[in-house]
Amino acid sequence: MEKTLSIIKPDGVSKGLIGEVIRRFEKNGIKIAAMRMLWLTKKEAEGFYAVHKSKKFFESLTTFMSSGPIVVMVLEGENVIAKNRELMGATNYLEAKEGTIRKDFATDIEKNIVHGSDAPETAVSEIKYFFCDLDIV
Ligand code: GDP
């Protein structure tokens with residue numbers, strides 16, 4: 001079974017969307033294998049998004065990601081990396097398909113409710129950033 005990392009970002013948590021996001025995962029046959037809530041420091045957000053360090057939105061993105069609590073989850077299922085990305089919708093909510101999480105709830109290209117790993121290698125390193133093996137059921 002494939003695994004991926006999902007994050008409900010600070011805007012998703014503050015808008016009361018934790019239950020709604022999890023409902024969409026479970027409704028689509030995705031299993032939650034680990035879950036916790038935390039509040040990232042700016043440094044921890046910078047570490048997570050290190051791949052975007054050279055982007056002009058890096059400062060703003062990491063300030064946003066450390067602005068409030070987030071929910072991090074390990075999702076498990078067949079083809080779950082792609083399935084989760086499909087449920088999330090495009091990065092820019094204006095381009096996201098109808099019925100996706102970002103289309104329904106995002107208000108901004110940056111404040112787009114959820115994060116999901118984009119490939120098997122990033123899924124492994126992103127899961128490791130938040131969870132140890134013993135956390136994953
Ligand atoms: P994702 O895989 O769909 O989350 O997209 P990316 O990996 O390309 O970008 C990571 C995150 O950076 C996105 O989810 C957004 O929160 C943010 N982001 C991406 N592009 C932009 C942009 O052009 N401007 C701003 N302010 N934020 C962006």
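Predicted model: local features only at pLDDT ≥ 70, side-chain atom pairs only at ≥ 80, totals over all residues.
I started with Glu110: one of its polar backbone atoms sits 2.7 Å from an oxygen atom of the ligand. I count a polar contact as a pair of N or O atoms within 3.5 Å. The protein covers 79% of the 550 Å² of accessible area that the ligand has on its own (Shrake-Rupley method, 1.4 Å probe). Residues are numbered from 1 along each chain as its sequence is written, and side-chain values use heavy atoms, with hydrogens and water left out.

Next I looked up two side chains. Thr91 has a side-chain N or O atom 2.6 Å from a ligand oxygen, and Arg102 puts a polar side-chain atom 3.0 Å from a ligand oxygen.

Then I checked the pockets. The ligand takes up the space of the largest pocket (more than half of its atoms lie within 2 Å of the grid points). For a pocket I use a 1 Å grid over the protein atoms alone and a 1.4 Å probe, and take an open set with protein on both sides within 12 Å along at least five of seven lines; lining residues have an atom within 4 Å of a point. This pocket holds about 540 Å³ of space. It has 22 lining residues, and Tyr49, His52, Leu61, Thr91 and His115 are the closest to its centre.

Which element gives the most to that lining? I found H7, with four residues.

Last entry: the second largest pocket holds about 160 Å³, and H7 again gives the most to the lining, with five residues.

Key: Polar contact = N/O pair within 3.5 Å; in protein donor to acceptor, adjacent residues only side chain to side chain. Points joined across faces, edges and corners; volume = space filled by probe spheres on them. Helix = DSSP H or I, 4+ residues; strand = E, 2+ residues; numbered from the N terminus.
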